[in-house]
Each structure stands twice: as C-alpha cells, then as structure tokens.
Amino acid sequence: MSDKFEPVIIGFTCNWCSYRAADMAGTARMKYAPNVRLIRLMCSGRLDPTFVLKAFADGADGVLVSGCHPGDCHYVEQNYKMLRRFHLLIRLLKQMGIEPERIKLVWASAAEGAIFADEINKFVEQVRALGPLNWGASKNGSEKVMVQETATEVPA
Amino acid sequence: MTTTDMALKTSTTTKTSFMEEVIAATPGESRLNYCIQCGTCGGSCPSGPDMDHTPRALFAMIRAGMKTEVLKSNTPWYCVSCYYCTSRCPQEIHITDIMYTLKRMAIDEGYFRESTAADAPGFSQTFIFYVENFGRSFEMGLATAYKLMHHPLDMFAVIPMGLGMMAKNRIDIIPKRIKAVDQLKSILKKAKELEAQL
Amino acid sequence: MENKNPETPRIGVYVCHCGTNIAGTVDVEAVAKWAAESLKHRGVVIARDYKFMCSSLGQELIQKDIKELGLNRVVVAACSPHLHEATFRTACKNAGLNPYLCELVSIREQCSWIHTDKAVATEKSKAIVSGGVERIRWHEPLEPLKVPIHPATMIVGGGIAGIQAALEIADAGYPVILVEREPSIGGHMAQFDKTFPTLDCSACILTPKMVLAGTHPNITLLSWAEVTNVDGYVGNFHVTVKQKPRYVKTDLCTGCGICQEKCPKKVIDDVFEAGLGYRKVIYTPFPQAVPKYPVLDRENCTYFQKGTCKACEKFCPTNAIDFTQEEEILNFDVGQIILATGWELFDARRISQYGYGRLANVFTSLEFERLSNAAGPTGGKVTLRDGVTVPKSVAIIHCVGSRDKNYNNYCSAICCMQSLKFAHLVHERTGAEVYNCYIDIRTAAKSYDEFYQRLLEEGTHFIRGKVAEITDAARYPGEEGKIIVQVEDTLIGKQRRLPVDMVILSAGLEPRHDHKEVARLFGLSCSSDGWLIERHPKLDPVATMTEGIYIAGCVQGPKDIPASVAQGAAAAARALGKIQQKEVSMEPIRATVDQDKCSGCRICNNLCPFNAILFHEDRMVSEVNPALCQGCGTCVAACPAGAISGTGFSNEQILAQIDGLLLKNIKTLEVLQS
Amino acid sequence: MKYGYYPGCSLEKNAASYHVSAMAAIKPFGVEFVELDDWNCCGATEYISLNLMASYALIARNLAIAAKTADANQQIVAPCSACYLNLSKTEKYLTESPSLTEKVNIALKEGGLSYKPGNMRVRHLLDIVVNDIGYDAIASKVTKPLKGLRVAPYYGCMIVRPSLPSQFDDPEYPVTLDKLMQVLGATVIDYPMKAHCCGGHMTQISQATGLELIRQLLQSAADYETDVIVTLCPMCQLNLDAYQSDVNKYFKTKFNIPILYFTQLMGLAMGIEARDLGIGKEFIDARPALAKIGVEVPETAKKKPSKEELPMPKMPEEV
C-alpha cells in the first residue's frame with residue numbers, strides 16, 4: 001500500500017438495481033477501488049439525509065448514493081423523491097462546510113456493473129483529491145446534534 | 001478508463017490500437033467502437049460506388065489494425081460531407097467526423113500520396129493557403145493554382161467556366177483580404193502548435 | 001448509541017471461505033478472529049470460519065451454536081444476500097431462531113471478487129462484518145404477514161397470452177374475468193395468415209381457443225371494455241372496468257350479421273385490417289370474432305351524425321339494436337391480476353428515407369399479414385396497392401425501427417422469422433424474386449434455423465446490409481417505374497441498388513402508446529424502452545414488483561407466439577399457486593406509524609405510490625396499511641416527526657450499520673480505554 | 001429583430017445575387033442583419049481535413065466576434081449551408097467539450113480574443129425566414145404569386161444533417177422550403193432527391209463522381225418536369241448551375257434547368273424587380289422559366305462568351 005490518502009466512503013444502494021449492479025460487478029470480477037463500503041436499503045427513497053450526515057460525522061470522507069435509473073424504480077418513482085431530497089441535501093452540506101463533491105449520485109441498473117465500478121473509481125479519485133474530511137473529529141462531540149433533527153421533506 | 005476501454009486494451013498486443021488512435025484524434029464522442037457492420041453508411045454514401053472501401057469496410061479494417069491500407073484508401077477523400085451516414089447510423093457513430101480524422105492522419109503520415117485520390121489534399125491545401133493568408137477563400141486562385149499543380153492538362157478545360165464566371169461577374173480576380181490578417185495568423189499559428197502537441 | 005432492546009445480544013459471526021472465492025483474497029481466519037476479539041464487547045459470543053457456510057455442514061454449525069451457546073443473533077459473512085439470505089434465515093428458523101434475526105453480509109461480490117490486495121480486502125471485510133454486527137443488534141423478531149386470497153383473477157388483454165392464461169385458470173376451476181379493449185379477443189395473432197416456423201394457419205389454431213374462452217363457464221368475457229381503476233393489494237384487488245356502449249343488446253343479438261350487411265357506410269379499418277381494408281360502421285372485426293356481437297362505431301355512424309339512417313335497427317330480426325345504450329361502470333373484486341396488453345407496430349413513417357406513406361408499394365409487416373391473409377382485403381392474393389398487379393420482385397427489409405439508436409435500441413425478436421415467413425409466402429403466392437436485407441439473421445429457437453435453411457433452398461436472395469434508403473428516383477436504365485432499395489451488400493463491400501415492385505418493412509414491436517398510463521394504473525414500472533419490468537429477468541419473468549400482479553406476452557418485451565403462450569401459462573400457474581394457498585405470506589418489511597408521534601402533517605400521504613398510507617381525519621393521524629405497503633421506506637425517510645419506522649430497515653439499524661462500517665464501535669472503545 | 005450576419009466568402013462575389021436578394025427579401029419585415037466585423041472564412045470542409053485545432057480556432061474567431069457584437073443578440077445568421085454547419089457544429093462541440101474550448105481559447109488569446117460557448121444560436125437564413133418571419137407574414141406580402149411555376153425545392157445536405165441543436169427540419173424529408181414555395185404561390189414538386197448531395201467538392205477531386213451526383217439530381221427534378229430548382233446554398237447553386245453544361249457534355253443529356261436562390265423567388269413574389277434580386281447571373285438562363293409567371297428580366301450584355309473573347313473588366317458592386 002502506498003502512502004497516498006485512502007478515503008473511506010459509505011455507499012447507499014437500493015435493493016433492486018444498484019445493489020445488484022454491485023453484485024454484477026462482483027460476479028464479473030471487475031476490479032475497482034476498495035474504499036467504498038455499501039449499505040443496502042430497500043429503495044434509494046429510503047435515504048434519510050440523516051444517514052449521510054451520520055456517515056460524515058462518523059468519519060466517512062465521502063458518501064455515494066445510488067438507485068435505479070429514473071423511470072426504472074421498482075417502487076414506481078421513489079428514486080425521484082430521493083433526487084429531490086438529494087439536491088436539498090447538497091445545499092445543506094454546503095452550509096455545513098462540506099464540499100458538495102464529497103457526495104455523489106449514481107444511477108445504475110442491475111445490468112450496469114461496469115458503470116457502477118467505473119463511477120466508484122472516479123468518485124474515489126474525486127474524494128482522494130479533496131483530502132480527508134475529519135468532520136466528526138473537528139466537531140468533536142457535536143455529532144449528536146445533527147442526528148434525527150435534520151430530516152425534512154418538501155411536499156410534492 | 002471504462003471497462004470497454006479495458007477490454008480493447010487487453011485484446012490487442014500493441015500498446016495503443018489503431019482504433020484507439022482514431023478515436024482519440026476525433027473530437028467529441030465518435031462511438032467508432034460501437035460499429036455493428038450493418039452497412040447503413042456504405043448504402044447511404046453518394047460517392048460509395050467510387051470508393052475503394054465503403055466506410056463500413058474501412059471501420060472493420062481500422063479494427064483489424066490495417067493502418068496502412070486504411071490511410072491509403074481514397075474513401076475519406078471521396079466523402080462529400082453530406083452527413084447521411086452520420087444521421088442514419090443506428091449506432092450514432094460520427095462517421096463524417098471520423099473521415100476528417102482519417103484525412104488528417106493520411107496527410108500527417110504521408111500515406112495519401114499512394115491513394116487513388118492523391119490530389120485531393122492538394123485541393124484542401126490550396127484552399128487553405130488563401131484562407132490562412134488572406135482570411136478569405138479565393139475561387140479564382142483555387143481553381144488556377146490547384147489545376148495548374150495537379151491537373152495542368154485540365155487547365156484548358158476549366159478556362160471556359162472561368163471566363164463564364166467572369167462574364168457573369170461571379171469571380172474575383174484578386175483575393176479579398178480581412179483587416180486583421182496578422183491577428184488571424186497568430187491565432188492559427190498557436191492552434192497548429194497545440195495540434196502538434198496532441 | 002445504546003441498544004434499547006431488552007434482550008442482551010448474543011451474536012454468532014460466521015465467515016465463509018467459499019472455497020477460494022473469498023479465502024483467496026480475504027484472510028478469513030483473521031476476520032473471524034478479529035470479530036471474536038474486537039467485537040466481543042458488542043455481543044459477539046462466537047466467530048467461526050468455514051469452507052462453505054452454505055453447505056449443510058456449515059448450516060449445522062450455526063444451528064449447533066444457536067442451541068448450545070444460546071445465540072440470539074447471527075451474522076454470516078459470505079456471498080450476496082440475493083443469493084443465500086433465504087438459506088441462512090431458514091437454517092436459523094429450523095434451529096428455533098426467528099429468521100429475521102439473521103443477517104447476511106457480502107464479502108464476496110462486495111469485496112473478494114472486486115479487489116486484489118489481500119490486506120486491504122481483509123480490512124474491508126472486517127468493516128463489513130462490524131457493520132453487520134452493529135445492525136443485527138437492532139433486529140427484532142418478525143412474522144410474515146398473512147393475507148387471504150380472493151379466488152378470482154382478472155386478465156387484461158385478450159390476445160394469445162391473455163387467452164392462454166384465462167383458459168389455464170378457468171380449466172383449473174377458478175373464476176376469470178377477461179377484459180379486452182377491442183370488440184373481439186384474438187389480438188394480433190388473429191390478423192395473421194400463417195405462423196412460423198410450421199406455417200400453421202393462424203386462425204385454425206387460434207379460433208378454437210377463442211371459442212373456448214368465449215364459452216367457458218368460469219370465464220366472464222368483457223370485450224369493448226377497459227380497466228379504469230385498480231385499488232387494493234394482493235388477494236384483495238378492487239378493479240373498476242368501463243364497458244363501452246356497443247349499441248347492441250347482447251342478450252338479444254344472435255350474431256347473424258344482417259346489420260353489418262345492411263349498414264350503408266364503409267370506413268377504413270385501421271385496427272384489424274391495419275388500414276389496408278374497410279369495415280362497416282356496425283361491425284365485428286372478423287367473421288370468427290369472439291364474442292360474436294357487433295359494435296357500432298358511434299363516431300362514424302350516420303344516425304349519430306345526422307339523426308337519420310337506422311338501417312341496422314330496421315333490419316335486425318331480434319330488435320337488438322339500442323341507440324340509447326350508455327357507458328357502464330362495472331366493479332370487480334379479484335385476488336390477482338394478469339396483464340397481457342401486448343404491443344403496437346413501430347410507425348414506419350418515422351423513417352422517412354424508407355418512403356412509407358409516400359411510395360404506394362411500400363408496405364408494413366402488418367399490412368402484408370392482411371394482404372396475404374385468405375380472409376384479407378385481397379382474399380390472400382399478394383398484389384401491389386392497386387389491388388391487381390402481382391409483383392415480380394419484392395424486397396423485405398429487416399430491423400425497421402429496431403436495433404437503431406435513432407428509434408428503438410432493442411431487437412424486436414420476431415422480425416427475422418416473420419421476414420422469412422413473408423419471403424416464403426411471396427414465393428409461394430407470386431413466384432417473385434425475393435430479396436431479404438438483414439443485419440443479422442436471428443433464428444434462435446426450436447425449428448427456426450431449419451426454416452431459414454428452407455428459405456435458402458427456395459432461392460431467396462439474402463443481402464447482408466441495413467437498407468440505407470428506398471426511393472423512386474430512377475438513376476440507371478431498368479429502374480424506371482420501380483422502387484429502388486439502396487443498400488450496401490456488406491459481404492461484398494459494394495453499394496447495390498435493387499429495383500423492385502414491392503417493399504415490405506418488417507417494422508419492430510413497440511410498447512402500447514399508453515404503456516405509461518397502464519403502468520401507473522396497476523402500480524408497475526416500465527423500462528426506458530417502455531416494456532413492463534418483471535420481478536427478475538431470468539428467475540421470475542412473469543411476476544412484478546407488485547405482489548399479485550403478473551405480466552405475460554409482449555407487454556413484458558417483444559416475443560413470438562410460443563413464448564407468449566408459455567408466459568400466459570406461467571402467469572396462470574403463479575396465480576393458481578397463490579389461489580391454492582388460500583392466503584399469502586408477505587415479507588414483513590413494512591412501514592408503521594407511531595400514532596403518538598404523528599403530527600398529522602400528511603407529508604407522507606402523497607409520497608406513497610401504492611396509496612398505502614391512510615389519513616384518519618377524525619384523529620388527524622396517518623396509518624400505513626401493511627398489506628399495501630411494499631416497504632420502500634420513502635415515507636420513513638420523509639417523516640419530519642420521526643413517527644414512521646420501517647421494520648427490517650429501521651433508522652436504528654442503518655445508523656448502527658454506519659457506525660459499524662466506520663468501526664466507530666471499536667474507536668469509541670479505544671477512546672474510552674485510553 | 002436584429003441578428004449577427006455572417007455572409008461567408010461565396011456571397012461576396014460568386015453568390016452575390018444570393019446576398020442581394022436576401023437583403024431585399026427580408027427588408028419589408030423589419031428584420032435587420034448586422035454584418036460581423038472583419039469575419040473570416042469558415043474553412044468549408046477543407047480545413048478540418050488538414051488541421052483540427054486550426055479549423056476550430058478559425059471558426060471560433062468568428063463566434064468570438066459575434067459574441068462581442070452587441071447588435072447580434074447572440075444569434076448568427078448564415079445563408080451558406082457550409083458556413084452554417086461549421087459555425088453550428090463548432091458551437092456544439094465547444095459546448096460539449098471543455099478541453100477543446102480550453103485549447104481553442106489558448107489559440108484565440110494570441111489574437112486577443114476569447115470565447116465562452118453555450119449561448120450562441122447559429123441559424124440558417126431559411127430558418128429565420130420560415131420560423132421568425134413566418135409563413136403568414138410572408139403570405140401577406142405576396143403581390144405577384146408564382147402561379148404556374150413548377151419549382152423543385154432543393155435543400156442539399158448541410159442544413160438538415162447531422163442533427164445539430166440548431167436543426168429546424170427533418171434530416172431525410174425536409175418540408176420548410178416546400179411550404180415557403182407554396183406560400184409564394186408556386187407549384188411545388190415533391191421529388192425524392194431534395195435532400196441529396198450536390199456533389200460538394202467532388203467536381204474538383206473526382207470529376208466523374210461529382211458530375212454523376214449532379215446528374216442524378218437534375219434527372220430527378222427533370223423527371224418531375226420542373227421549371228426551376230430553388231436552392232439555399234451557394235455551393236449547391238454553383239454545382240448545379242455552372243456544371244450543368246459539363247454534365248450534358250459528359251452524359252450526353254439535355255438538361256436546361258435554371259437554378260435560383262429561394263430569396264430570389266421570394267423577392268419576385270413580393271413584387272421586387274428581377275434586376276434588384278441579382279437575377280441574370282445564372283449560367284442557365286432563367287428567363288424562359290420566369291416568363292411563365294410574367295417576369296421580365298432585362299437583357300444582360302452577353303449571353304454566351306466565345307473562346308476568343310477577352311475577360312470583362314471588374315464591375316462595380318451591385319446595389
């Protein structure tokens with residue numbers, strides 16, 4: 001292992017498309033960066049902004065969010081709802097001093113293992129270039145504040 | 001690097017395949033690697049019957065790494081830029097743009113002299129001589145210089161048309177010149193330096 | 001974060017070698033050892049590694065520990081949960097542990113298979129195991145939901161797939177409601193003359209099935225009807241159907257056909273005759289139509305336009321004509337639904353260089369089906385559009401609108417065989433020279449390639465090239481008055497111009513124009529191409545993500561008759577399986593609203609695509625109907641009061657998993673110790 | 001409405017009648033063209049065959065000038081199809097590729113210029129006429145409908161293909177010029193070659209190929225008994241007009257179809273005098289065809305120059 005900074009990234013996938021895309025990349029033995037640790041949700045619509053803040057607070061340097069392609073959601077259209085939340089979340093992160101480049105949204109169908117792997121590689125490089133976040137550490141103990149209180153939804 | 005790129009890399013022994021070279025030298029996403037050899041381009045091409053290889057065949061040859069044969073071909077020089085192939089291609093390959101790339105490569109590497117369209121670059125070069133030095137194209141100069149250089153015997157054949165153009169007042173006898181020729185020249189000089197670095 | 005669960009967690013961690021699949025890249029012994037030591041304070045009682053955890057010996061290992069060590073949580077680190085989650089949950093269940101207290105984390109697809117550096121992969125595996133351990137601490141025992149199944153099934157679409165499904169279920173003794181939009185069932189197959197590769201007469205094999213479907217005591221057939229609303233959930237759907245007025249009393253009509261004969265007005269039949277023939281204003285689309293009752297086309301009816309005529313009424317021997325009929329709304333309770341709404345033909349006018357609509361003798365595939373049909377407008381005589389001239393040369397163009405990024409990306413699957421069939425029919429009926437222009441000949445099914453061989457034998461000219469353009473601009477002698485097909489013959493690398501009398505465009509299959517509305521109506525999703533998405537492309541091809549709704553035939557993607565029939569039967573088998581169970585168990589991954597916390601803001605109400613969230617106006621709180629909820633969790637994430645929680649994917653579970661993945665559990669300990 | 005106007009080299013001399021007639025035809029509609037200051041040649045299809053960066057820099061200089069021209073309203077009108085295509089395509093590629101833009105800007109900087117792509121609308125003259133001025137406005141100005149004149153609208157390639165963001169008509173079966181001619185009262189013939197190639201530069205590179213392409217076009221139009229072919233590109237006009245006698249010689253055909261610009265017919269229908277529209281500069285005499293609709297074209301000095309004749313002195317610019 002070299003001395004270069006290895007970011008830690010938490011990835012959220014949906015159960016149907018993007019987790020299966022990751023499975024597909026695995027089955028096809030595509031090699032990609034080991035920096036991402038995945039959490040499987042049922043749907044990207046389940047993504048509570050709290051999860052992202054929690055990941056940053058816990059020491060993650062980046063967060064990857066992925067779901068089915070627009071129009072392909074297994075719950076009809078919940079990925080769109082995530083998309084709306086995602087844009088708000090980016091604004092929130094900016095206000096908190098977190099670079100928006102530390103979070104990335106990837107649409108991947110169950111067949112797009114290659115795309116998924118590619119996007120992870122690109123994202124890892126992107127976060128590597130930004131350097132460590134150390135958000136949890138710098139806020140030292142204040143992380144509890146941002147859990148639970150920040151999840152809001154804009155009505156449709 | 002996409003996985004497609006990886007697959008290409010591993011399938012060839014050479015460091016960079018000819019196809020990769022062509023793709024790299026074409027602006028935008030050429031999609032050359034997506035060709036399914038359906039022949040829509042060859043069927044659509046107005047000069048297709050006079051080309052020594054149809055565009056489709058040329059793409060297969062590019063894949064096969066037949067660089068010399070490809071760059072010697074008259075195909076790119078017979079392209080009339082009608083964009084039928086590009087517009088109809090079911091794989092959305094930028095065929096016309098690839099033809100321009102092949103022309104540039106053929107000139108850079110000198111292969112065009114061996115093609116059956118060996119004079120075609122001369123036409124482009126004469127045309128561009130006026131553009132680079134005057135900022136405008138110059139039909140009279142183009143016709144005479146190009147014909148004199150490449151088809152001296154045809155010179156007499158073009159005289160009636162030239163005279164006709166004059167009679168109808170449709171041709172300039174001296175080239176027009178833009179005001180900022182020097183500015184243009186320095187822009188083009190820099191652009192050529194950048195091109196050489198590619 | 002401390003566990004609020006009263007039970008003290010006793011967790012077993014099992015790390016699988018998967019032969020060398022995992023062990024080749026991950027030091028599994030080290031992972032297990034680390035878990036036993038470093039996660040001890042998080043409740044890990046035992047951690048083991050084993051060659052193949054999924055083998056019966058591996059499962060017994062877990063079961064033994066559950067019994068002997070009193071484990072109340074199990075984490076298996078092995079392959080993807082999509083592969084073996086059920087295996088390990090069942091193993092736990094058999095040992096007396098609630099299956100939902102077992103979590104499978106993937107260190108194969110997510111780690112060993114995608115990485116090469118063993119040290120890095122081992123560290124990542126530890127993090128993944130740690131995430132699983134933190135998560136399982138928050139798991140609760142769950143029981144599958146049981147819902148009773150209504151024995152009736154609704155089938156939407158009366159083409160061959162829908163008919164097959166209806167007959168399978170009806171024959172098994174259960175009621176079916178078959179809804180068809182057109183006046184008759186039969187679908188596209190009823191339009192064909194011959195079917196590939198055996199060249200059976202389409203009507204001969206289809207009409208008996210139509211008659212059976214029309215007369216079966218267990219089938220309620222509603223033609224000229226459309227589904228307008230679907231409510232409910234698996235086992236208990238409420239479907240609203242709009243019965244369009246026929247202006248014919250079906251209890252009086254005998255189907256004698258006198259009204260059709262006497263109706264003075266003819267219009268072009270765009271549906272059944274594909275625009276190539278005429279029908280009367282009061283009509284059955286074809287003589288063998290099921291049901292036999294005609295339909296009066298109000299828009300074109302002289303009586304409805306001008307108030308006079310009524311020829312049909314005057315001549316009807318049974319007084320069955322009723323101009324006062326109105327649209328009827330019918331309601332049905334059914335347990336399950338099968339969608340078989342089929343396909344539409346690609347509009348060949350979109351490819352203007354093929355000249356369809358401008359050049360008279362360019363035909364679409366459906367037009368040619370009618371032209372070659374013994375019951376079609378020419379009585380099966382293959383002629384040019386003048387209805388008289390027999391073509392001497394015919395070009396058949398494959399892949400029209402298919403495999404083309406400008407139109408549809410996908411292969412329409414049936415066109416190669418269909419084009420070969422056309423070539424044969426043209427040979428047989430006219431003796432003309434036939435040119436088939438193709439990109440690839442795809443004959444990958446039983447007896448299909450043999451049919452290709454037969455066409456080669458018949459002397460069909462096969463030209464490998466996608467046709468560039470079809471024009472009437474004669475360029476060379478011999479081209480005058482012909483249609484010229486310009487194509488590169490890619491096998492000789494030359495442009496060719498084929499002067500022919502007739503061109504048949506093998507246009508591709510497209511989703512119905514209203515596929516999006518249909519998907520929304522039934523709560524399904526379609527792919528970007530517009531075909532409905534099956535639950536699994538290989539292992540569950542007729543089920544959908546909505547429990548109790550199945551798809552069959554071309555609504556799922558282009559396919560031929562044998563495949564449509566197979567899917568119709570498969571969908572019926574799935575429905576029958578559920579009917580026989582009398583009740584259905586559903587994964588207990590559901591959202592629930594804590595009524596004490598709910599502020600009644602109703603933000604969640606509009607987010608649910610399954611209308612599973614009810615609002616109690618009286619108490620001003622929302623409630624999730626567990627039978628409708630599919631467990632996506634969008635409402636859980638959206639609830640500003642944190643009043644909604646998702647079983648199986650709760651906030652606590654996911655937040656804990658984040659802690660675990662980032663080894664916060666270890667780090668906290670280290671901080672405490674230092 | 002004001003637009004930046006990029007005439008292109010051809011309209012200066014060879015296709016001067018296109019320029020003159022365009023100006024005359026748009027004038028009654030309050031449309032104003034502001035010629036870009038000191039514009040340069042677009043490089044046609046030739047420069048890109050020699051040097052990629054230089055060809056983009058050459059075109060980008062014009063885009064940069066247009067962007068600086070306040071009266072241009074971020075729109076460039078090009079009457080020549082090749083100029084239109086080059087400008088539009090360059091705008092598209094620069095917008096899509098930041099790295100290409102970066103390099104082009106390094107070159108432009110040498111000339112004290114810079115260009116930020118993404119806001120410029122490049123448009124063909126026909127687009128302005130049919131979409132901005134509109135058929136209805138034109139119809140209201142038609143005083144001498146082209147009744148009885150059989151017109152073959154000829155689009156050529158580069159305004160309909162490839163599909164650029166500025167595209168305004170079907171790539172295979174365009175109709176805007178057909179509709180315009182109908183509005184002018186002409187009998188429009190629907191012939192299959194209207195968007196095929198005029199031969200482009202093939203007349204220079206391989207005469208046989210070039211002449212054959214011209215022949216195919218003339219043949220198709222002649223099959224439909226056209227009186228006149230109407231074009232919207234100087235290259236198409238030149239190929240079909242100036243090489244028509246060569247085609248006749250080469251293939252032993254007897255084509256005699258005048259080739260006019262659409263703006264010339266537009267002007268005639270609006271009652272503008274033929275001499276104010278540059279009519280009379282064609283090689284194939286348009287007078288017999290125009291006589292059908294009662295248009296008289298004043299005699300030009302010469303009909304056919306003989307080989308012995310010496311060149312004419314340079315004429316003053318037309319008004």
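Predicted model: local features only at pLDDT ≥ 70, side-chain atom pairs only at ≥ 80, totals over all residues.

Modeller: Residues are numbered from 1 along each chain as its sequence is written, chains are lettered from A and ligands numbered from 1 in the order in which they are written, and side-chain values use heavy atoms, with hydrogens and water left out.

Colleague: How much area do chain D and chain B bury between them?

Modeller: Contact (heavy atoms within 4.5 Å) involves 68 residues of chain D and 61 residues of chain B. Buried area is the accessible area (1.4 Å probe) that two parts lose on being put together, summed over both. Carbon and sulfur atoms carry 63% of the area here, and the total is about 6,400 Å².

Colleague: How many salt bridges are there between chain D and chain B?

Modeller: The rule asks for a side-chain nitrogen of Lys or Arg within 4 Å of a carboxyl oxygen of Asp or Glu. B:Asp97 and D:Lys89 form a salt bridge at 2.5 Å, N to O, and the count between the two chains is six.

Colleague: At roughly what angle do the axes of helix H6 and helix H15 of chain C cross?

Modeller: Helices here are DSSP runs (H or I, at least four residues), numbered from the N terminus, and axes are lines fitted to C-alpha atoms over the stretch in contact, with angles from 0 to 180 degrees between N-to-C directions. The axes of H6(C), residues 160–171, and H15(C), residues 561–581, come within 8 Å and cross at roughly 35°.

Methods:
Helix = DSSP H or I, 4+ residues; strand = E, 2+ residues; numbered from the N terminus.
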